Amino acid sequence: MTGIRIAIAQPEITADARKNGAEVRRLMQQAAAGKARLVQFPEGLLSGYAKEQIADWADVDFDVVRSELEQIMALAAKLKLWVVLGSAHPLTPPNRPHNSLYVISDTGRIVDRYDKRFCSHTEITQYYSPGFEPVVFDVDGYRFGLAICVEINFPHLFSEYERLGVECLLLSAYPVDSIFEVKARAYAAINAYWIAMSLPAQTNHLMPSGLINPNGTYAALVSGTDLVIADLDRDDPDLHIPLDLARPWRATALKGDIYRTRRVTDPRSTNRTTV
C-alpha cells in the first residue's frame, strides 16, 4: 500500500487523569494491534476538558497529568506509534493553561504541540490562554495538520493548512451541535484533504468520530467508546478527482494568473448596466 494507516479514538472523558491515561494506553495498544502508525484522541482528554469535566484548574493535579503523559510517551516508543493527544498544558502561574494537542512521535518524544488559537468566549475569559501558530508534521511521507473544536468556524484556518501542504487535518473536538459534522465535511471537500475527527463518547448522539475523505464522504466511523482504523492513500483511484485534479487546479486559480491573462478590454464588460 502506498498510504498510511491511522486510528481515530472516541473514548469517554472523565475528571480523573489516571483513568483517562489508562484509557489512552488501552486504545494505543488496540491501534498498534491494527497496524496503525498514528492514533488521534479528542480535545482535553488527558486532563479533562474545562466547562465539562473541569470547573476550576485548582481541581486538576497537573503532576498526575504529567506522570500519565510520560507513561503514554514511553508506550508510544515501545509500540512505534505516533500519538496526537488532547490535554490542558499548564503554564507558569498565574497564566492559564493552553488547550493543546501534544504530538508524540514513534520514538516517544513530544515533537510539537498545537495550542488552540480561537478559543470560545467562555474558554478565553475563564479557562485558557490562546495559541497563535499552526502546526504541521510529517509521518511516512504524509503531512498532517491540527485544529481544535470551535476553530471549525474560522475557514481561513482550514485554507491555511491547505496552503501548508496538509493532506490530513486532525480535528479533535468536544462538539455541542450536529452542524459541526456538516462544516467538517464541507472543509474536507473544499480543501480536498482528509479530515479525521476524534470526539468524546459523550457527544456520540450528535455525530460519531471518523475519517472524512477529500470528497466530503465518510471513509470510516467509530462505534461506541472505541476507535476506528482507516487508511489514507493518495493513489486511491476513487479520490483521483479531488486529489489530482481539483486541489491543484484550485491552487492555480487562487493565484489568479489564469484569469488576469484573459482579462478583456471591452465596454460591454465594464458597463454593468448594459443589456
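Reply: Start with one cut-off: buried means under 20% relative accessible area, and exposed means over 50%. By that rule W57 and Y128 are both buried. Keep in mind that this is a predicted model.

Me: What makes W57 and Y128 an aromatic pair, and of which kind?

Reply: Ring centres must lie within 6.5 Å, and planes over 60 degrees apart count as edge-to-face. Here the centres are 5.4 Å apart and the planes are at 70°. The pair is therefore edge-to-face. W57 lies in the loop between β2 and α2, and Y128 in the loop between α3 (121-127) and β6 (136-139), so the contact ties together parts 71 residues apart in sequence.

Me: Why is the pair of Y49 and Y174 called stacked?

Reply: Stacked requires planes under 30 degrees apart. The rings of Y49 and Y174 have planes at 25° and centres 5.2 Å apart, so the label holds. Y49 is in the loop between β2 (38-40) and α2, while Y174 is in the loop between β8 (168-172) and α5 (179-191), 125 residues apart. Both Y49 and Y174 are buried.

Me: Which residues do the ring pairs link into a cluster?

Reply: The cluster holds Y49, W57, F62, Y127, Y128 and Y174. The structure has 9 aromatic pairs by this rule.

Me: How do you know that R234 sits over the ring of Y142?

Reply: The distance limit is 6 Å from the ring centre. R234 is at 3.8 Å from the centre of the Y142 ring and lies over its face.

Me: What makes R113 and D115 a salt bridge?

Reply: The nitrogen must be within 4 Å of a carboxyl oxygen. Between R113 and D115 the N to O distance is 2.7 Å. That is within the limit, so the contact is a salt bridge.

Me: Is R113 buried, partly exposed or exposed, and why?

Reply: Its relative accessibility is 26%, so R113 counts as partly exposed.

Me: Why do K116 with E123, and R247 with E162, count as salt bridges?

Reply: Both are judged against the 4 Å limit. K116 and E123 have their closest N and O atoms 3.0 Å apart. For R247 and E162 the N to O distance is 3.3 Å. R247 lies in helix α6 (residues 240-255) and E162 in helix α4 (residues 155-163), so this pair ties together parts 85 residues apart in sequence. R247 is buried at 14% relative accessibility, and E162 is buried at 15%. Salt bridges that share partners also join E23, R26 and D226 into one network. The structure holds 15 salt bridges.

Me: Why are β5 and β12 called edge strands?

Reply: The open sheet has 6 strands in the order β5-β4-β3-β2-β1-β12, with mixed pairing. β5 (110-115) and β12 (227-232) each have a single partner strand, so one side of each is left without a neighbour in the sheet. The twist averages 25° from one strand to the next.

Me: How do you know that β4 and β5 pair?

Reply: Pairing needs at least two bridges. Strand β4 (residues 98-104) and β5 have 5, in the antiparallel sense. S100 stands opposite D115 in β5.

Me: Which strands does helix α2 lie across?

Reply: Helix α2 (residues 62-79) lies across β3 (82-89), β4 and β5. The helix runs at about 175° to β3.

Terms used
Residues are numbered from 1 along each chain as its sequence is written. This is a predicted model: local features need pLDDT of at least 70, side-chain atom pairs count only at pLDDT 80 or more; totals for chains, interfaces and linings use all residues. Side-chain values use heavy atoms; hydrogens and water are left out. Helices (H or I, at least four residues) and strands (E, at least two) are DSSP runs, numbered from the N terminus. Axes are lines fitted to C-alpha atoms, for helices over the stretch in contact, and angles run from 0 to 180 degrees between N-to-C directions. Contact means heavy atoms within 4.5 Å. A salt bridge is a side-chain nitrogen of Lys or Arg within 4 Å of a carboxyl oxygen of Asp or Glu. Buried means under 20% relative accessible area, exposed over 50%, partly exposed in between (1.4 Å probe, protein chains only). Rings of Phe, Tyr and Trp (its six-membered ring) pair if their centres lie within 6.5 Å; planes under 30 degrees apart count as stacked, over 60 as edge-to-face and the rest as tilted. A charge sits over a ring if NZ of Lys or CZ of Arg is within 6 Å of the ring centre and within 35 degrees of the ring normal.
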